[in-house]
Amino acid sequence: MRVRFAPSPTGYLHVGGLRTALYNWLLARQSGGTFILRIEDTDRTRFVADAEEDIVDSLEWAGLDVDEGPETGSYRQSERTALYDAALARLLEEGNAYIAFDTPEEIEQMRSRLATDTNPNPRYDWSTRSHMKNSLTLGTDEVALRRERGDPFVVRLRVEPGAEVLFTDIVRGDVRFRTDDVDDQVLMKSDGLPTYHLANVVDDHDMRISHVIRGEEWLSSVPKHVLLYQALGWETPRMAHLPLILSPTGGKLSKRNADKQGIPVFVREYREAGYEPSALLNYLALLGWHPESEQEVFSLEGLVDTFSLDRVGPSGVQFDMDKLAWFNGQHIRMRSPEEIAKSQMEALKKAYGDVDEERAVQAARLMHERMAIASDLVGFEYLFKAPSDWDEAGVRKRWKDDSARLVQTYRDALMDVQEWTAEQLEETLRRVTGQHDVGAGRLIHPVRLAVSGVSHGPGLFDLLVYLGRDAVCERLERAVNALG
RNA sequence: GCCGCGUUCGUCUAGGGGUCCAGGACGCCGGCCUCUCACGCCGGUAACACGGGUUCAAAUCCCGUACGCGGUACCA
């Protein structure tokens, strides 16, 4: 099995693109096949300089390793023009393509001239090409003259009406189009570069791609591709068109649309936000695919073992940040505190100056169950510095009239604790509350508030152990003074 | 407009003629655990788009309608 992920460097890698890459990669890995990265950079007007780098980095971050790609050979379409030119020459020679000199303005004029209510958008096709300036209408002398003169031209696929193109999509089953509805697609633009349709067919053939797995937006152009394969006498690869990822309000998950929903569209944004790549992948895998069992949480390896194209559904799917967050929580709990801490060292240092890695690991251990995302670790300020103030609502609820006295008593008692362990700290606390004839909670809550500034968090005694005697006593002291 | 693809809880989905007064997951709502918050566990809420057929029997097959999405570029 040879599959490819073929993004165009017109922007950063999109989450939808990552899912397409994932499905391709999964199939390659489980079949012992080859995963190819091909850069479709035939549109010079929309080229984004750092897009390819982002695509490569994002795939690497996700753990989808590339077997063949720009790093290993000529896998950028801009480097493969000789191949397209050869295909073009053959199509032209055999009458399956023709040259057209119409300027964009002239085509526009044709469209507005021919537009009617029932056909508001006339195509350049079998029914209109006889009114246009092309090698089918112009006569050989005129064509030769224009070419000599250097008139700009494009090459178009010659699609004749009256036939049917039928193909079997792995996800959707049999799909058929009439050639009457297929336009004479431009194969080579006037800048000499091929369009996607030509380059894609030539490359898939040349790279011996066995399965084309891509988004549903390509389904309508399949007939053009099939016609090209036929004209070139090549075998058509198997195809699977994946359901599109939609925004929660419906419609394509475009940058604009998604931003409004608070959904990042670029993979790099998930990386920057601190998501677990395995969680993103897990979520994306389930977006359109369902395993035979009811298992939902998968490692990447688990997906390799379980994934199959015939359990991919055909209908569009809405992106759900809440569910992604849940997957992230599942995956973060599968990782060790050591790994989590390590991944956050840079951010920690940025926020708090020099942070000891072992210290960060302890913090991660403490907060493991409470993190939705690894970057949350940085947000637990009180683990790395004393609170500067105390949550107002928390104070109102937990800081009673006797709190200062109790906390002060506990603080004094802590000075005498032999071993700074959770057991001893708890024992000490219960002794204090016992002496004052109040419940333990009466002291636990104020102490937590005093040392952390907030009224929620890890088990109090684990927290005190983590903070250490000096910090705890100092924080208790400050709180008593401030809160009275 | 035309062409194509789709339509089961709010969302992701299971299901492919009887085992489905439709199962799981997220979310939401209760509860348990508990020093808080999380985690975890238990329970609840909620769906076969509509109309015709076919059949003893339809969420499942067929047709139509509606709706959604994609395409309709010298963009991919």
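Modeller: Just after helix α20, Gly468 takes a positive phi of about 90°. Please bear in mind throughout that this is a predicted model.

Colleague: Why is the pairing of Arg123 with Asp125 called a salt bridge?

Modeller: The closest N and O atoms of Arg123 and Asp125 are 3.5 Å apart. The criterion is a side-chain nitrogen of Lys or Arg within 4 Å of a carboxyl oxygen of Asp or Glu, so the pair qualifies. In general, side chains of opposite charge can pair when their charged atoms come close. The structure holds 39 salt bridges.

Colleague: Is Asp125 buried or exposed, and how is Arg123 classed?

Modeller: Asp125 has 3% relative accessibility; the limit for buried is under 20%, so Asp125 counts as buried. Arg123, with a relative accessible area of 35%, is partly exposed.

Colleague: How do you know that Glu164 and Arg176 form a salt bridge?

Modeller: Their side chains meet at 3.1 Å, N to O, and the limit is 4 Å. Glu164 lies in strand β5 (residues 164-169) and Arg176 in strand β6 (residues 173-178), so the pair ties together parts that are 12 residues apart in sequence.

Colleague: Why is Arg176 called exposed, and Glu164 partly exposed?

Modeller: Exposed means over 50% relative accessible area. Arg176 has 52%, so it is exposed. Glu164 has 46% and is therefore partly exposed.

Colleague: What separates Glu426 and Arg430 within helix α18?

Modeller: Glu426 and Arg430 are 4 residues apart in helix α18, so they are separated by about one helical turn. Their closest N and O atoms are 3.0 Å apart, in a salt bridge. Glu426, at 28% relative accessibility, counts as partly exposed, and Arg430 is partly exposed at 45%. Elsewhere, salt bridges that share partners join Arg4, Arg38, Glu40, Arg80, Asp203, Asp204 and Asp206 into one network.

Colleague: What volume does the largest pocket have, and which residues are closest to its centre?

Modeller: The largest pocket has a volume of about 1200 Å³. Of the 36 residues lining it, Pro7, Ser8, Thr10, Glu217 and Trp218 are the closest to its centre. By class, the lining has 15 nonpolar, 11 polar and 10 charged residues. Helix α1 (15-31) is among the elements that each supply at least two lining residues, and its 4 residues are the largest share.

Colleague: Which domains contribute to the lining of the second largest pocket?

Modeller: Domain 3 (255-334) and domain 4 (338-376) each provide at least three of its lining residues. This pocket holds about 260 Å³ of space. It is lined by 15 residues, with Arg271, Glu272, Gly274, Ser343 and Gln344 nearest its centre. Helix α13 gives the most to this lining, with 4 residues.

Definitions and conventions:
Residues numbered from 1 in each chain as written. Chains lettered and ligands numbered in written order. Predicted model: local features only at pLDDT ≥ 70, side-chain atom pairs only at ≥ 80, totals over all residues. Heavy atoms only, no water. 1 Å grid on protein atoms, 1.4 Å probe; cavity = no way out; pocket = protein on both sides within 12 Å on 5 of 7 lines; lining within 4 Å. Points joined across faces, edges and corners; volume = space filled by probe spheres on them. Nonpolar A, V, L, I, M, F, W, Y, C, P; charged D, E, K, R; others polar. Domains from an automatic or database assignment. Buried < 20%, exposed > 50% of the residue type's maximum accessible area, 1.4 Å probe, protein only.
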